[in-house]
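Please look over the sequence and the structure below before reading on.

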Amino acid sequence: MINFRELKLLKHFTVAKCWPIILVLSLNGCNDSVNLVQLCNENEEICNEFGHDSWCKTQRIEVALARINVKNNNLDADKYTLLVAYEGYIKCMSLASQIQHIKLKEKTTLRKNNLLKAKVNLSLLAEKSVNSKHPHLLYYHWSRNSNELALQEFLKLEGTPILENSTAQLHLATYYIKRDSKKTLGLLYRALELHQPGTELSTEIVQTLVTIFTKKRQYKQAYIWLRIYQLLQDKPNEMIETSLSSYQQVNTLDADFLDKVAKATLAKIEAGQFVSPSY
C-alpha cells in the first residue's frame with residue numbers, strides 16, 4: 001500500500017517572517033475574502049498564540065483562522081476544524097522541533113514551547129467538546145479516542161440530512177472501509193459529489209480511492225486517482241510520479257489518455273459537477 005502520509009511529512013513554506021503581510025485567505029470556503037492583517041489586528045492574542053518561527057507558518061495560520069471562527073461563531077463545526085488545525089500544526093512542529101540550531105539554541109526552545117502549547121490547547125479543546133452531538137465531533141472522539149458511545153451516536157445519524165456533506169461522508173467511509181468496501185466506495189463518491197466549489201478538496205478521499213482500486217487490481221482507476229492526487233499537490237512530487245510510471249509500465253496503460261481523464265475529473269469535482277460513476 002502506498003503510504004501517502006509520508007509523502008508530505010514537512011514543508012518549508014515561503015511566507016514572510018512576520019504577520020504584517022498581505023495574505024488574502026477565505027474563511028469557511030466563503031467567496032468573501034478576508035485580509036489576515038486586519039484579522040490579526042483585531043485578534044492579536046490569537047495570532048500571537050505561538051512564538052513566530054520560520055517553520056509551519058501555513059499550519060499556524062490555519063490554527064489562527066480556526067480560533068477566530070470559534071471566537072466569533074462558537075459553532076461545533078468550527079471547533080472540529082480547530083482540532084484538526086491543531087493536529088496539523090503539532091505534526092509539523094513535532095518534526096521542526098527536532099532540528100537543532102547550533103548558533104540559535106533559543107529557536108529550538110521556541111519550537112518545543114510552541115509544540116507543548118499546541119498539545120495543551122488541543123487537549124483542552126478536545127475535553128470541552130467531548131459531549132457534543134455534532135457529527136464531526138462525534139467522529140473525532142471516536143477516531144482519536146476510541147469513544148464507542150460517540151461512534152454509536154454518529155452512526156445513528158447515517159442517512160439523515162445532517163450527514164449530507166463531504167466531510168461527514170468521508171467520515172462514514174472511514175468507518176466502513178474495513179467492513180464494506182462497496183459501500184465505502186459509494187460514500188467516497190458521494191463525498192466528491194458534495195464537494196463545494198471554492199473549498200479545499202480533501203486529499204484523504206483521493207488517497208483512499210487509490211488504495212481501494214489498487215487492492216481491487218483496477219489499475220486504470222488507481223492511476224487516474226493517483227494522478228488527481230498528484231495534481232492536488234503544491235508542486236509535483238517525485239515519489240508520486242515514480243508510482244504513476246510504475247503503474248503505467250507494469251500494466252501497459254495509456255498514460256496520456258488517463259492523464260486527460262484525471263484532469264477532466266478533477267475539474268468536475270472542483271466545479272461541483274462530479275457525478276458518481278457506476279461501480
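The notes below begin with the whole chain and then turn to its cores, its helix pairs and some single residues.

This is a predicted model, and the protein in it has 13 helices and two strands. Of the 279 residues in the protein, 42% are buried. Among contacts in the protein with a separation of 6 or more, 60% are accounted for by residues 24 or more positions apart.

- In soluble globular proteins, nonpolar side chains tend to be buried together.
- The largest nonpolar core holds 44 residues, and the members that touch the most other members are Y189, L192, L209, W225 and I228. At least two residues of this core come from each of α6, α7 (148-156), α8, α9, α10, α11 (219-231), α12 (238-251) and α13 (255-270), and α11 gives the most, with seven residues.
- When residues up to four places away in sequence are not counted, L192 touches L201, I205, L209, W225, I269 and F274.
- A second, separate core is made of 23 residues, and W55, I90, C92 and M93 are included in this second core.

- Helix α6, which covers residues 135-145, is mostly covered, since eight of its 11 residues are buried. The buried residues in α6 are P135, H136, L137, L138, Y139, Y140, H141 and W142.
- Just after α6, the residue S146 takes a positive phi of about 55°.
- Two packed helices are described by the angle between their axes and the distance between the axes.
- For α6 and helix α8 (residues 166-176), the packing angle is about 30° and the axes are 10 Å apart. Angles under 35 degrees count as roughly parallel, so α6 is roughly parallel to α8.
- The crossing in which α6 passes α8 is left-handed.
- On the α6 side of this contact are H136, Y139 and W142, which meet T167, A168, H171, T174 and Y175 in α8. By class, the residues of the contact of α6 with α8 divide into four nonpolar, four polar and no charged.
- An α-helix has 3.6 residues a turn, so residues three or four places apart point the same way.

**Helices α9 and α10**

- Helix α9 (residues 181-193) and helix α10 (residues 203-215) have axes that come within 10 Å and cross at roughly 150°, and α9 passes α10 in a left-handed crossing.
- From α9, the residues T184, L185, L188, Y189, A191 and L192 meet I205, T208, L209, I212 and F213 in α10. The contact of α9 with α10 has nine nonpolar, two polar and no charged residues.

- I46 has its place in helix α2, residues 44-47, and I46 counts as buried because its relative accessibility is 8%, where buried means under 20%.
- Although I46 and I68 are 22 residues apart in sequence, their C-alpha atoms are 7.3 Å apart in space.
- Leaving out residues up to four places away in sequence, I46 touches A64, R67, I68 and K71.
- R67 is found in helix α3, and with a relative accessible area of 23%, R67 is partly exposed.
- R67 touches I46, E49, L82 and Y86, again not counting residues up to four places away in sequence. R67 and L82 are 15 residues apart in sequence, while the distance from C-alpha to C-alpha is 6.3 Å.

**Positive phi in two loops**

- Most residues other than glycine have a negative phi, and most peptide bonds are trans.
- C56, which lies in the loop between α2 and α3 (57-73), has a positive phi of about 60° although it is not a glycine. C56 counts as buried because its relative accessibility is 0%.
- R217, found in the loop between α10 and α11, has a positive phi of about 60° and is not a glycine. R217 counts as exposed because its relative accessibility is 66%, where exposed means over 50%.

Note on methods
Residues are numbered from 1 along each chain as its sequence is written. This is a predicted model: local features need pLDDT of at least 70, side-chain atom pairs count only at pLDDT 80 or more; totals for chains, interfaces and linings use all residues. Side-chain values use heavy atoms; hydrogens and water are left out. Buried means under 20% relative accessible area, exposed over 50%, partly exposed in between (1.4 Å probe, protein chains only). Helices (H or I, at least four residues) and strands (E, at least two) are DSSP runs, numbered from the N terminus. Axes are lines fitted to C-alpha atoms, for helices over the stretch in contact, and angles run from 0 to 180 degrees between N-to-C directions. Angles under 35 degrees count as roughly parallel, over 145 as roughly antiparallel, 65 to 115 as roughly perpendicular and the rest as oblique. A crossing is left-handed if the near helix is turned anticlockwise from the far one by less than a right angle, and right-handed if clockwise. Contact means heavy atoms within 4.5 Å. Ala, Val, Leu, Ile, Met, Phe, Trp, Tyr, Cys and Pro count as nonpolar, Asp, Glu, Lys and Arg as charged, and the others, Gly among them, as polar. A nonpolar core is a set of buried Ala, Val, Leu, Ile, Met, Phe, Trp, Tyr and Cys residues joined through side-chain atoms within 4.5 Å.
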